[in-house]
Amino acid sequence: MSYFSIRTNDQDTIKKLLEEEVLLSIPGLTWHKDEIKKDDIIFIIVSGDNNKKKIPYDNGLRAIAKVIKLPYDVDKKVYSIDIEVEDLFDESITKDDFYPYPALKNVGSIGPETKQAPNQAIRKLSEQEGIEVLAAINDIGFEHSFIGKIPSGFNLEKLINYDSIELEPEKGLIHEFVVWFNKPENFLISYEGLVNYEYLNFVDNLFFRGELFDIDLDEDIKEQIENKLALIKDKANSDWNSFNRSTSKGAPSAVLGPKNYIKFLKEKYSIDSIKLNKVTVKSPKFDFNTYYNDLEKSNLKFDKDLVKRFVASLMAKPFVILTGLAGSGKTKIAQSFIQWISEEEKQYKIIPVGADWINREPLLGYPDGLQNNQYVTPDSGILELIIEACKEENQDKPYFIVLDEMNLSHVERYFADFLSVMESSDSIKLYTGVDRKSSSKLDIPSTINWPKNLFIIGTVNIDETTYMFSPKVLDRANVIEFRLSKDDLVNFLDDVKEVDLETLVSHGVTMGESFIDLSNDKEVLVDKDLNNVLIEFFEELKNIGAEFGYRSALEINLLFKFLYQVDSSLTTDQRIDFAIMQKLLPKLHGSRSKIVKPLETLMGLCLDDSITDFKFDKIALISNENIKYPVTFEKLKRMYYNAINNGFTSYAEA
């Protein structure tokens, strides 16, 4: 006999369950098909968004059942099973209810999750886990028919009930906070080991001179709390910040921050709101080499120039498209930088784009047509992230949206509002009329502005299931192509190691403010060498209708500047090379008859003055020393071969 958990948000199934139907069919399962046997025990977890529920219920474990019919419809991608409900509970047992039982961490969609859980409807539990769940249900106070499965004398570990603990006045605010934190409504399992008297007293005295847990009742309490928040957020306290980054992924500052210790102080002293007192010392200047060194420690292998281009592109324009070979690290480079520079997970969203995205609703949601004070926010969480990024207190934090496989749907259909406001100071209108709230009671503004601290990264694969970008999209982005050379693959295979992004988490958080300041500096420094090259390329691109406008010229100049700020050792030719590759070539495409001659001419522009009247049939005579812009030249050469061999070519390659 085995134990399984099944999480379902199917409203018809849940309705039947809550109406006490005993025999149920569970469809849509994909895993463990060959492992399920009759009489196996199934824990039924009901879930779903509140605004989509047909009848009211709380998410959580609601019933225990037995399998009465083995998997059927197995010829499909999914299968079904029939179950008989043995125990239906009067209310759902939530993850919060299971917090006091450490053994249930990350168990089968039932217990509190402290790591990424598999996104699957059915999960298998070990026999020990199944017994522990049954014992916990019984201990919480819900009777069930499987009490006989719990061995006699079975001991289930349970955390201390902090409601029953008397305060120890000599330990002051620290002990009061520990008691407050460990109450079920405040407890967070991921911070469990960091909230005890010994640890908090150690941190207070080592990094804050004993000032964090000291409140003078004769002074302004609100001001004292605001000063404590400033101490916790002080980027000039390098010892504290180094300790915070290297300990539990930045959890120490989270424990002491607005959602925990500061929240406790506000509740204790009945303070409605506080503001963060500005710390006068500036954050450290953004340093590319610090990031790249951390990147190497995570075992991610990227060409250093490619990483420079990625970082400089984000500074030049908050919209970057990563295209190229599948599995070449497009999403990983985005993840690595985001996790390195972000203070907490709510600063970014990585969203897989759906082929059914035909309008802006997956990004921005829509006003509820039935309730004029409600707004339906998208499951992606993107709207909430934009609202968070717009808040005044978050202006020195970078926020990121990663649209994975961005071209699975027509980008212009779902992304048009974003493309428009990036180029203007306009806002996006969400609705008209009375103020609206989301189902989670979040105030939704009628319009949102484009935050200066928001960056969008799109990853792109090219195959028969995807769509090509229009010129208006390409014109607004920096496009970076990912390719692997033989040397890249050899170096990888010589030293294969598992990637560990955990080593990067929040290591660059103190440079976030500097990164935003640099990104918002749009002053252009005129470079005659760059502009002369741009005019040459403009003349040739005009012949095939691929010339560029003022916007591209400006953004090339910005990229040229930011490449220098990222690495001042890059030569003028290198920076021109990268800028042409990312801003001018992506719109280049056409038939063999139209494009072969212009490609040949453009390749000639990539060579030094010793080569005149370049012809492709003489390419074997060109040495590396003759090529001023090798990245651009190599791309044009591949496009030329594609045009000759296939009759058509474009920048995008599968």
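Trainee: Two strands pair if DSSP finds at least two bridges between them. Over how many bridges do β4 and β5 pair?

Mentor: Eight. This is a predicted model. In it, strand β4 (residues 60-72) and strand β5 (residues 79-93) pair in the antiparallel sense.

Trainee: Which residue is the bridge partner of Tyr72?

Mentor: Ser80, in β5.

Trainee: And in which sense do β2 and β5 pair?

Mentor: Antiparallel, over five bridges. Look at Leu29 there: Tyr79 in β5 stands opposite.

Trainee: What strand order does the open sheet have?

Mentor: Six strands, running β2-β5-β4-β3-β1-β6. The pairing is mixed.

Trainee: Which strands stand at the edges?

Mentor: β2 (23-29) and β6 (122-125). Each has a single partner strand, so one side of each has no neighbour in the sheet.

Trainee: What does the twist average?

Mentor: 35° from one strand to the next.

Trainee: Which helix packs on the sheet?

Mentor: Helix α1, residues 11-18. It touches β1 (3-8), β2, β3 (41-46), β4 and β5. The direction of α1 makes about 160° with that of β2.

Trainee: Where does Glu20 lie?

Mentor: In the loop between α1 and β2. Its backbone deserves a look. Most residues other than glycine have a negative phi. Glu20 is not a glycine, yet its phi is positive, about 70°.

Trainee: Does that side of things end there, or what is the phi of Lys441?

Mentor: Lys441 also needs checking. Its phi is positive too, about 70°, and it is not a glycine. Lys441 lies in the loop between β13 (436-437) and β14 (443-444).

Trainee: Does Lys441 count as buried or exposed?

Mentor: Exposed, because its relative accessibility is 60%, and the cut-off for exposed is over 50%. Glu20 counts as exposed as well, at 61%.

Trainee: New topic. What domains does the assignment give?

Mentor: Domain 1 (3-159), domain 2 (172-269), domain 3 (288-517) and domain 4 (528-650). The C-alpha centres of domain 1 and domain 2 lie 37 Å apart.

Trainee: How many residues has the largest nonpolar core?

Mentor: 118. Phe286, Phe337, Leu403, Phe415 and Leu588 have the most contacts inside it. Helix α10 (residues 304-316) gives the largest share, eight residues.

Trainee: Why does this core lie between domain 3 and domain 4?

Mentor: Because both domains give residues to it.

Trainee: Which residues is Leu588 in contact with?

Mentor: Beyond its neighbours within four places in sequence, the list includes Leu541, Ile544, Ala546, Ile595 and Leu599. Leu602, Leu636, Met639, Ser650 and Tyr651 are also among them.

Trainee: Which residues does the second, separate core include?

Mentor: Trp180, Phe207, Leu212 and Tyr261 are among its 34 residues.

Trainee: Is Leu200 buried or exposed?

Mentor: Buried, because its relative accessible area is 2% and the cut-off for buried is under 20%. Leu200 lies in helix α4, residues 197-207.

Trainee: Which residues does Leu200 touch?

Mentor: Ile174, Phe177, Val178, Leu194, Val195, Phe213, Val255 and Leu256, not counting residues up to four places away in sequence. For a distance, take Asn138. It is 62 residues from Leu200 along the chain, and their C-alpha atoms are separated by 35 Å.

Trainee: Which residues of α19 are buried?

Mentor: Among them are Ser552, Glu555, Ile556, Asn557, Leu558 and Leu559. Phe560, Lys561, Phe562, Leu563 and Val566 are buried too.

Trainee: What do the buried residues of α19 pack against?

Mentor: α9 (288-297), α10, β17 (478-482), α17 (512-519), α18 (528-542) and α20 (572-583).

Trainee: Last one, the whole protein. How many helices and strands are there?

Mentor: 22 helices and 19 strands. The C-alpha trace spans about 90 × 70 × 60 Å along its principal axes. Of the 654 residues, 50% are buried. Among contacts with a separation of 6 or more, 72% join residues 24 or more positions apart.

How values were computed: Residues are numbered from 1 along each chain as its sequence is written. This is a predicted model: local features need pLDDT of at least 70, side-chain atom pairs count only at pLDDT 80 or more; totals for chains, interfaces and linings use all residues. Side-chain values use heavy atoms; hydrogens and water are left out. A nonpolar core is a set of buried Ala, Val, Leu, Ile, Met, Phe, Trp, Tyr and Cys residues joined through side-chain atoms within 4.5 Å. Buried means under 20% relative accessible area, exposed over 50%, partly exposed in between (1.4 Å probe, protein chains only). Helices (H or I, at least four residues) and strands (E, at least two) are DSSP runs, numbered from the N terminus. Domain bounds come from an automatic or database domain assignment. Contact means heavy atoms within 4.5 Å. Axes are lines fitted to C-alpha atoms, for helices over the stretch in contact, and angles run from 0 to 180 degrees between N-to-C directions.
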